[in-house]
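Dear colleague,

I am passing on a structure that you have not worked with before, and I would be grateful if you could look through it with the notes that follow. Please open it first, and then read on.

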Amino acid sequence: ILSSAEEVSYFGTAERFVAVALGLLGPAGQVLMPTIASLHLESRREAFQLVRKALGFETLFGLVALAGGVVLAPFLLPIILGDKFGPSVLLLQILVCLMPFAAITHALGLYLLVPLRRESLLILAISIGSSLNLGLGIFAAGAWDSIGMAVARVAGEAMTAILLIIMCLRIKHE
């Protein structure tokens, strides 16, 4: 609300690139979710092995997207969008830091909690992470404009992933 139109466009541009990368997780979920859900009914051990592989693969994807975004953003963004979107580079470099956390959230939520019918834990973790994002965003965006909002978004996603990791470790010990 308090940001200029330019700040909003820089943030929106960076966030669109991250949204495209996050969208790449969707097809994996469409393929693996039914398989893992049926395995939970037949062989929990096999299901957990597939969940571990999927979690490893998606986390690796998140780390590669993070590294690629940080390294390539300064070169590719000006080529794709032009020099006027130069301020989007730093925002993109900050926002791609959420990729490993989003991958963990996706994998644990979709491949573990949903098949185990623990959706309430997923909703709780997402609600807490989103509340942190919103609360921190209000403060940080007022102080640091779009950079503050980008940091708030990463912090919210990190909180969600950390909570899900803790929840899933507790489920393992049940």
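**What was found**

In the protein chain, residues 24 or more positions apart account for 78% of the contacts with a separation of 6 or more, where contact means heavy atoms within 4.5 Å. Please keep in mind that this is a predicted model, in which local features need pLDDT of at least 70 and side-chain atom pairs count only at pLDDT 80 or more, while totals for chains, interfaces and linings use all residues. Residues are numbered from 1 along each chain as its sequence is written, and side-chain values use heavy atoms, with hydrogens and water left out.

**The chain as a whole**

The protein chain has six helices and zero strands, and from the N terminus its elements run α-α-α-α-α-α; helices (H or I, at least four residues) and strands (E, at least two) are DSSP runs, numbered from the N terminus. Along the principal axes, the C-alpha atoms fill a box of roughly 55 × 35 × 20 Å. Of the 174 residues in the chain, 39% are buried, a word that stands here for under 20% relative accessible area, with exposed meaning over 50% and partly exposed in between (1.4 Å probe, protein chains only). The accessible surface comes to about 9,700 Å², and 70% of it belongs to carbon and sulfur atoms; these areas come from the Shrake-Rupley method with a 1.4 Å probe, and for residues only the protein chains shown count as cover.

The chain carries 11 positive and 11 negative charges, whose mean positions are 13 Å apart. In that count Lys and Arg are positive and Asp and Glu negative, with His and the chain ends not counted, and the place of a charge is taken as NZ of Lys, CZ of Arg, CG of Asp or CD of Glu.

**Helix α4 and the residues packed in the chain**

Helix α4 is mostly covered, since seven of its eight residues are buried, namely Ser88, Val89, Leu91, Leu92, Gln93, Ile94 and Leu95. These buried residues pack against α1, α3, α5 (99–113) and α6.

Arginine 153 lies in helix α6 (residues 119–172) and, at a relative accessible area of 18%, is buried.

Alanine 47 belongs to helix α3 (residues 44–81) and is buried, with a relative accessible area of 0%. With neighbours within four places in sequence left aside, alanine 47 is in contact with Ile36, Leu39 and His40, and its C-alpha is 8.3 Å from that of threonine 35, a residue 12 positions away in sequence.

Alanine 19, in helix α1, is partly exposed at 27% relative accessibility.

**Aromatic pairs and cysteines**

How many aromatic pairs does a search of the whole structure find? The search finds two, under the rule that rings of Phe, Tyr and Trp (its six-membered ring) pair if their centres lie within 6.5 Å, with planes under 30 degrees apart counted as stacked, over 60 as edge-to-face and the rest as tilted. The rings of tyrosine 10 and phenylalanine 85 have centres 6.2 Å apart and planes at 85°, so this pair is edge-to-face. Because tyrosine 10 lies in helix α1 (residues 5–23) and phenylalanine 85 in the loop between α3 and α4 (88–95), the pair ties together parts that are 75 residues apart in sequence. Tyrosine 10 is buried at 15% relative accessibility, whereas phenylalanine 85 is partly exposed at 26%. Phenylalanine 139 and tryptophan 144 form an edge-to-face pair too, 5.8 Å centre to centre with 85° between the planes, and both of these residues are exposed.

The count of disulfides is zero, a disulfide being a pair of cysteine sulfur atoms within 2.5 Å. Cysteine 97 is partly exposed, with a relative accessible area of 31%, and cysteine 168 is buried at 9%.

**Two backbone angles**

Most residues other than glycine have a negative phi. Arginine 117, in the loop between α5 and α6, has a positive phi near 60° and is exposed at 70% relative accessibility. Aspartate 145, placed in helix α6, has a positive phi of about 55° and is partly exposed at 37%.

With kind regards
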